[in-house]
Amino acid sequence: MERKIVITLARQYCSGGLKVGKRLAEELGINCYDSEMFRLVSDDKAMTDSEVAHDARIKDTALFDIAKKTYEEQSDDAFAEEDEQLLMRNLFAYQSDIIRGLAEKESCVIVGRCANYILKDREDTISVFVHAPMDFRVRRASSIHNMPEPELENYIRSKDESKASYYHIYTGGDWQDASGYDLSLDTSKMGIRGCAELIRKYLEIRFPGMSSEVAGAEQLR
């Protein structure tokens with residue numbers, strides 16, 4: 001019997017973590033759900049007008065079906081809350097329900113959104129943190145942002161601080177605490193391909209007898 005596996009992946013800004021997640025998902029034949037996709041299904045107007053259903057990244061995936069069902073079950077004012085802090089907590093609860101729904105339904109890679117914390121009690125889930133030294137991340141960021149190096153460093157630090165703050169607010173934990181992850185990988189040493197390969201090797205050790213294609217993959221191709 002094929003096994004269902006969920007991989008959560010947190011990453012420092014411009015460490016290449018998203019590329020690792022997408023490569024891993026492609027190699028395993030499963031879907032990769034990233035923060036941008038969660039942002040899209042958290043757009044009240046887009047969900048109301050079903051705009052998200054036509055997005056090439058989301059249509060025909062479990063993400064839309066689960067998000068739509070979860071959205072319809074929300075109270076009418078869940079996304080209309082004027083108090084910003086309460087609105088953000090409503091959004092976090094909404095996204096958390098979607099993440100749990102995805103983990104119940106299929107094998108997948110989930111990037112960001114505190115997924116390692118949300119799914120921490122599941123036996124079929126592993127969590128990965130991807131990081132890299134600042135100079136490596138600055139080189140990668142320079143291909144995206146037209147800024148002098150000192151400004152880039154400050155920008156990268158601010159993005160990491162935002163990630164850490166978000167994680168702490170909603171989990172009470174430290175985003176970079178190694179005890180919250182099964183693996184911590186440095187892309188500057190392993191590369192994107194090497195990190196994906198190492199995660200696959202870990203899966204084979206953690207879940208002996210895991211087939212080369214995890215359960216549900218044939219439905220995702």
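This is a predicted model: local features need pLDDT of at least 70, side-chain atom pairs count only at pLDDT 80 or more; totals for chains, interfaces and linings use all residues.
## Helices α1 and α9

Helix α9 (residues 187-206) and helix α1 (residues 17-28) have axes that come within 10 Å and cross at roughly 40°. The two helices are therefore oblique to each other, and their crossing is right-handed. On the α1 side, the contact includes Lys-19, Val-20 and Arg-23; on the α9 side, Ile-192, Arg-193 and Cys-195 are among the residues involved. By class, this contact has 8 nonpolar, 5 charged and 1 polar residues.

## Other salt bridges

The whole structure has 14 salt bridges. One of them joins Asp-124 and Lys-4, with N and O 2.7 Å apart. Asp-124 is in the loop between α6 (115-118) and β4 (125-131) and Lys-4 is in the segment before β1 (6-11), so this pair ties together parts 120 residues apart in sequence. Asp-124 is buried at 15% relative accessibility, whereas Lys-4 is partly exposed at 21%. Both belong to a network of salt bridges that also includes Glu-104 and Arg-122.

Another salt bridge pairs Lys-68 with Glu-72, the closest N and O atoms being 2.6 Å apart. These two residues lie in helix α4 (residues 62-73), 4 residues apart, about one turn of the helix. Lys-68 is partly exposed at 34%, and Glu-72 is exposed at 53%.

Technical notes:
Residues are numbered from 1 along each chain as its sequence is written. Side-chain values use heavy atoms; hydrogens and water are left out. Axes are lines fitted to C-alpha atoms, for helices over the stretch in contact, and angles run from 0 to 180 degrees between N-to-C directions. Angles under 35 degrees count as roughly parallel, over 145 as roughly antiparallel, 65 to 115 as roughly perpendicular and the rest as oblique. A crossing is left-handed if the near helix is turned anticlockwise from the far one by less than a right angle, and right-handed if clockwise. Contact means heavy atoms within 4.5 Å. Ala, Val, Leu, Ile, Met, Phe, Trp, Tyr, Cys and Pro count as nonpolar, Asp, Glu, Lys and Arg as charged, and the others, Gly among them, as polar. A salt bridge is a side-chain nitrogen of Lys or Arg within 4 Å of a carboxyl oxygen of Asp or Glu. Buried means under 20% relative accessible area, exposed over 50%, partly exposed in between (1.4 Å probe, protein chains only).
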